[in-house]
Amino acid sequence: RAVSTPSPNGSANGAVRAVLFDRDGTLVNTWALYLECYLRTLEPYLGRRLSPDELRTLHPISEKRALDKVVPAEEVAQAHATLLEHYRALHADLFAGVYPGVIPMLDALRQRRLTLGIVTGKSRGAWDITHPRSGLGEFAVFVGDDDVTDLQAVRQQHVALLAVTVV
């Protein structure tokens with residue numbers, strides 16, 4: 001998402017100063033990795049392994065919010081830690097890499113001196129595992145699920161909040 005800065009009269013001047021990206025499914029392919037991590041993490045709570053289709057019904061966009069649908073509230077933090085342990089252990093085998101064309105695109109945006117940021121429903125813990133292995137380079141801003149406490153407020157002010165954060 002490109003963010004333009006408001007002019008003094010409040011209208012956008014059209015100058016793009018920042019570009020925000022979702023991480024998973026946009027820059028990197030972590031679907032198989034996350035799928036296996038969720039399945040392994042949830043199995044002890046359910047007494048069985050979910051099918052991939054059953055997992056999709058949990059809408060696992062946000063790690064903690066997906067876990068919260070199955071795991072007792074007092075155990076979500078530990079379940080999330082377990083998910084990240086699986087994520088770290090399986091990363092080398094299941095991380096499918098950066099999507100084709102992403103690195104040259106990011107390089108071109110950086111050459112234009114645009115501010116780049118990541119906005120994702122995934123955690124900072126997962127980012128800290130994937131980022132050093134991805135070759136994506138540095139981002140000025142990372143906003144992950146850990147950083148959002150009032151999801152409704154973010155939905156209502158999404159673009160405004162991100163523009164202020166990034167620009």
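The protein has seven helices and four strands, where helices (H or I, at least four residues) and strands (E, at least two) are DSSP runs numbered from the N terminus. Along the sequence they follow the pattern β-β-α-α-α-α-α-β-α-β-α. This is a predicted model, in which local features need pLDDT of at least 70, side-chain atom pairs count only at pLDDT 80 or more, and totals for chains, interfaces and linings use all residues. Residues are numbered from 1 along each chain as its sequence is written, and side-chain values use heavy atoms, with hydrogens and water left out.

**How confident is the model?**

The pLDDT, the predictor's confidence in each residue from 0 to 100, averages 85 for the protein, and 80% of the residues score at least 70. Confidence is highest in helix 4, at 97, and lowest in strand 1 (residues 2-6), at a mean of 48. Over residues 1-11 the pLDDT stays under 50, and the model has 27 contacts for them beyond four places in sequence; contact means heavy atoms within 4.5 Å. Residues 157-161 also have a pLDDT below 50, with four contacts in the model beyond near neighbours in sequence. Where pLDDT is low, the predicted coordinates should not be read in detail.

**The overall picture**

Among contacts with a separation of 6 or more, 65% join residues 24 or more positions apart.

**Helix 4 and its two partners**

Two packed helices are described by the angle between their axes and the distance between the axes. Here the axes are lines fitted to C-alpha atoms, for helices over the stretch in contact, and angles run from 0 to 180 degrees between N-to-C directions.

| Helix pair | Angle | Axis distance |
|---|---|---|
| Helix 1 (residues 31-46) and helix 4 (residues 76-94) | roughly 140° | within 8 Å |
| Helix 4 and helix 6 | about 15° | 9 Å |

Angles under 35 degrees count as roughly parallel, over 145 as roughly antiparallel, 65 to 115 as roughly perpendicular and the rest as oblique. Helix 1 and helix 4 are therefore oblique to each other, and helix 4 and helix 6 are therefore roughly parallel.

On the helix 1 side, residues including L33, Y34, C37 and T41 meet a set in helix 4 that includes L83, Y87, L90 and L94. By class, this contact has 11 nonpolar, four polar and two charged residues (Ala, Val, Leu, Ile, Met, Phe, Trp, Tyr, Cys and Pro count as nonpolar, Asp, Glu, Lys and Arg as charged, and the others, Gly among them, as polar).

Towards helix 6, helix 4 uses L84, Y87, R88 and H91, which touch G125, A126, I129, T130 and R133. The residues of that contact divide into four nonpolar, three polar and two charged.

**A closer look at L33**

L33 lies in helix 1. Is L33 buried or exposed? L33 is buried, with a relative accessible area of 0%. Not counting residues up to four places away in sequence, L33 touches Y87, L90, H91, L94 and F95. The C-alpha atoms of L33 and A92 are separated by 9.4 Å, although the two are 59 residues apart along the chain.

**Helix 6 and its cover**

In helix 6 (residues 124-134), the buried residues are A126, W127, I129, T130, H131 and S134. Their cover includes helix 1, helix 3 (63-68), helix 4, helix 5 (102-111), strand 3 (115-119) and strand 4 (141-143). Just after helix 6, G135 takes a positive phi of about 75°.

How values were computed: Buried means under 20% relative accessible area, exposed over 50%, partly exposed in between (1.4 Å probe, protein chains only).
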